[in-house]
Amino acid sequence: MTPPVRPGLVVVRGAGDIATGAIQKLAHAGFDVVVLEVPHPMAIRWRAALCPAVERRAWRVEDLLGVRVGDWDGAAPLAELSEVRAALAALAAREPNAPPARVVPVLVDPDAELLRRVRPWAVVDAILAKRNVGTHRGMAPVTVGLGPGFSAGDDVH
């Protein structure tokens with residue numbers, strides 16, 4: 001049985017620098033964003049990407065705080081996680097004048113297995129692999145592909 005669509009939830013595949021720009025815009029627009037990443041991510045501009053959260057558990061880019069969580073159960077009630085509060089407190093101590101962080105959960109899920117359990121309103125593929133690595137229109141009511149390798153109307157909306 002297909003789970004019901006969760007209004008306002010956007011799953012972003014990838015947390016590199018280009019993906020992080022999209023994640024920030026989505027978060028600022030009021031969407032709940034969950035990021036899926038590979039176990040050993042790559043990025044051109046690491047300081048502008050959330051993917052270091054995979055290895056460092058938490059990583060800040062401007063007003064975004066990417067926090068690695070183990071699964072959907074950790075991502076859904078993110079505000080309740082003690083490690084998120086601890087990471088925010090540590091950042092506040094180091095950067096007292098920084099704007100409040102918007103917390104974004106980062107899951108290691110290269111095959112987007114999360115989508116079997118949760119049906120987001122939208123999926124954004126921002127992997128930038130120069131080819132489609134499995135994203136299709138059936139993943140969500142709105143599916144977007146960033147970068148080359150997608151065919152609008154076929155792979156993505």
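1. β1 (5-13), β2, α3 (72-75) and β5 (102-108) each give at least two residues to the lining of the second largest pocket. Helices (H or I, at least four residues) and strands (E, at least two) are DSSP runs, numbered from the N terminus. This pocket has a volume of about 260 Å³. Closest to its centre, among 15 lining residues, are Phe31, Asp32, Val33, Val103 and Pro105. A pocket here is an open set of points on a 1 Å grid over the protein atoms alone, where a 1.4 Å probe fits, with protein on both sides within 12 Å along at least five of seven lines; lining residues have an atom within 4 Å of a point. Its volume is the space filled by probe spheres set on the points, joined across faces, edges and corners.

2. The model is predicted: local features need pLDDT of at least 70, side-chain atom pairs count only at pLDDT 80 or more, and totals for chains, interfaces and linings use all residues. Residues are numbered from 1 along each chain as its sequence is written, and side-chain values use heavy atoms, leaving out hydrogens and water.

3. The largest pocket holds about 440 Å³ of space. Its 22 lining residues include Glu37, Met42, Ala126, Ile127 and Leu128, the closest to its centre. α1 (17-28) and β2 (32-37) are the elements that give two or more residues to this lining. The largest share, 3 residues, is from α1.

4. Leu50 is in contact (heavy atoms within 4.5 Å) with Ala15, Thr20, Ile23, Trp59, Val61, Leu64, Gly66 and Val104, leaving aside neighbours within four places in sequence.
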